[in-house]
Amino acid sequence: MKAAAFRSIGGPEVMEVMSFPDPQAGPGQVRVRVKTAGVQHYDCGLRSGWTPQGVVIQLPQIPGNEFAGIIDQVGEGVTGFQIGSEVLGFALMNCYAEYVVVGIDQIVNKPHSMTWEEAGGLTGNGQGAYIALKAIGVGPGDTVLINGAAGSLGAFAVQLAKEWGAKTVIGTASERNHDYLRSLGAVPLTYEEGLAERVRAIAPDGVDAAFDTAGGEGLRAAVDLVRAKERICTFYAYDLIEELGLRVVRGERSAARLAELVELHSKGKLHIHIRETYPLDRVGDAHRAIETRRGRGKIVLTLD
């Protein structure tokens with residue numbers, strides 16, 4: 001099979017398309033012919049030399065941790081899925097490939113109303129936003145600050161906060177993305193200095209919870225605005241967690257949570273903005289694009 005991988009640690013230029021043996025589905029597993037694979041900062045981190053706890057990098061390494069495609073091989077004992085089933089799912093790595101093998105607890109059925117690009121870009125940031133907002137207890141009546149709200153992770157967080165009953169969602173973003181945030185139901189603000197004061201003008205009764213995806217002024221403003229630090233989390237500025245007295249928020253992805261997100265999408269309550277798609281042989285460009293941290297929505301690789 002063809003796959004995009006890196007033979008050495010480095011910048012986007014180390015990504016290249018290579019040939020690998022076709023993987024085979026074992027007991028309880030399926031093989032998926034991948035049509036789209038989402039691109040995440042997690043993937044870029046692996047390529048740059050970051051090794052998450054419990055992960056073993058074996059060069060050449062295929063990154064990619066979310067995908068959508070069609071099952072073409074079913075292992076022994078699999079129920080609920082069959083050859084030809086259209087699915088989306090997740091894995092720690094190996095998704096930038098023509099085929100990926102996963103357990104049936106890592107996939108859900110793709111609805112016909114969801115495009116392949118949307119399906120390939122839902123799992124990682126969608127579940128990440130869900131985990132973060134549950135950790136900080138976002139619920140009915142809350143005023144929530146989301147820093148970096150126009151990116152894929154932030155946009156999911158805005159929509160989930162509104163779906164779960166938040167009264168006001170304030171989102172930071174560049175001014176060119178303010179109309180987009182309004183369309184999602186957020187009150188937009190720019191990142192500049194004095195953010196805390198500008199938030200207070202919008203929410204004089206205070207901010208209940210904050211989720212950071214961009215660091216900088218937005219995270220420091222959150223610490224200033226939110227009374228209970230356990231209701232603040234960052235998925236970006238990990239180097240500031242100890243200094244600011246915050247906690248690390250982690251969570252495992254699950255098919256049950258993914259199915260809930262898919263249902264929200266099917267009901268028109270969760271929208272996935274696709275910023276750009278790239279063919280597999282332009283994977284380096286896809287990594288460059290996401291590492292700029294500019295622009296709204298999701299970047300996705302296409303394999304057809």
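In which strand is Glu86 placed? I looked this up at the outset and found Glu86 in strand E5; strands are DSSP runs of E with at least two residues, helices are runs of H or I with at least four, and both are numbered from the N terminus.

**Basis of the entries**

I note that this is a predicted model, in which local features need pLDDT of at least 70 and side-chain atom pairs count only at pLDDT 80 or more, while totals for chains, interfaces and linings use all residues. Residues are numbered from 1 along each chain as its sequence is written, and side-chain values use heavy atoms, with hydrogens and water left out.

**Entry on Glu86**

I recorded a relative accessible area of 25% for Glu86, which therefore counts as partly exposed. The term buried means under 20% relative accessible area, exposed means over 50%, and partly exposed lies in between (1.4 Å probe, protein chains only). Glu86 and Lys110 are 24 residues apart along the chain, and I found their C-alpha atoms separated by 5.5 Å. I then listed the contacts of Glu86 (heavy atoms within 4.5 Å). Leaving aside neighbours within four places in sequence, Glu86 is in contact with Gly69, Ile70, Val108, Asn109, Lys110, His112 and Trp116.

**Entry on helices H3 and H9**

I next examined helix H3 (residues 123-135) and helix H9 (residues 255-266), which pack at an angle of about 100° with their axes 10 Å apart. The axes are lines fitted to C-alpha atoms, for helices over the stretch in contact, and the angles run from 0 to 180 degrees between N-to-C directions. H3 and H9 are therefore roughly perpendicular to each other. By the cut-offs, 65 to 115 degrees is roughly perpendicular, under 35 roughly parallel, over 145 roughly antiparallel, and the rest oblique. On the H3 side I noted Thr123, Gly126, Gln127, Tyr130 and Ile131, and on the H9 side Arg257, Leu258, Glu260 and Leu261. These contact residues divide into four nonpolar, three polar and two charged. In this scheme Ala, Val, Leu, Ile, Met, Phe, Trp, Tyr, Cys and Pro count as nonpolar, Asp, Glu, Lys and Arg as charged, and the others, Gly among them, as polar.

I also looked up His265, which is placed in helix H9. His265 counts as buried because its relative accessibility is 10%. Not counting residues up to four places away in sequence, His265 touches Ser113, Met114, Glu118, Leu270 and Ile272.

**Entry on aromatic pairs**

How many aromatic pairs does the structure hold? I found three. Rings of Phe, Tyr and Trp (its six-membered ring) pair if their centres lie within 6.5 Å; planes under 30 degrees apart are stacked, over 60 edge-to-face, and the rest tilted. One of the pairs is Tyr42 with Trp50, edge-to-face at 5.2 Å centre to centre and 85° between the planes. Trp50 counts as partly exposed, at 43% relative accessibility. Tyr130 and Trp164 also form an edge-to-face pair, with 5.0 Å between centres and 85° between the planes. This pair links distant parts of the chain, 34 residues apart: Tyr130 is in helix H3, and Trp164 is in the loop between helix H4 (152-163) and strand E9 (168-172). I noted that both Tyr130 and Trp164 are buried.

**Entry on Arg220**

I located Arg220 in helix H7 (residues 217-225). Its relative accessibility is 40%, so Arg220 counts as partly exposed. Apart from neighbours within four places in sequence, Arg220 is in contact with Leu240, Glu243 and Leu244. The side chains of Arg220 and Glu243 make a polar contact at 3.2 Å. Such a contact is a pair of N or O atoms within 3.5 Å; within protein, one must be able to donate a hydrogen and the other to accept it, and residues adjacent in sequence count only if both atoms are side-chain atoms.

**Entry on backbone geometry**

I kept in mind that most residues other than glycine have a negative phi, and that most peptide bonds are trans. A cis peptide bond joins Leu59 and Pro60, with omega about -5°. Asn94 has a positive phi, near 80°, and is found in the loop between strand E5 (86-90) and strand E6 (99-103). I noted a positive phi, near 55°, for Arg293 as well, which follows H10.
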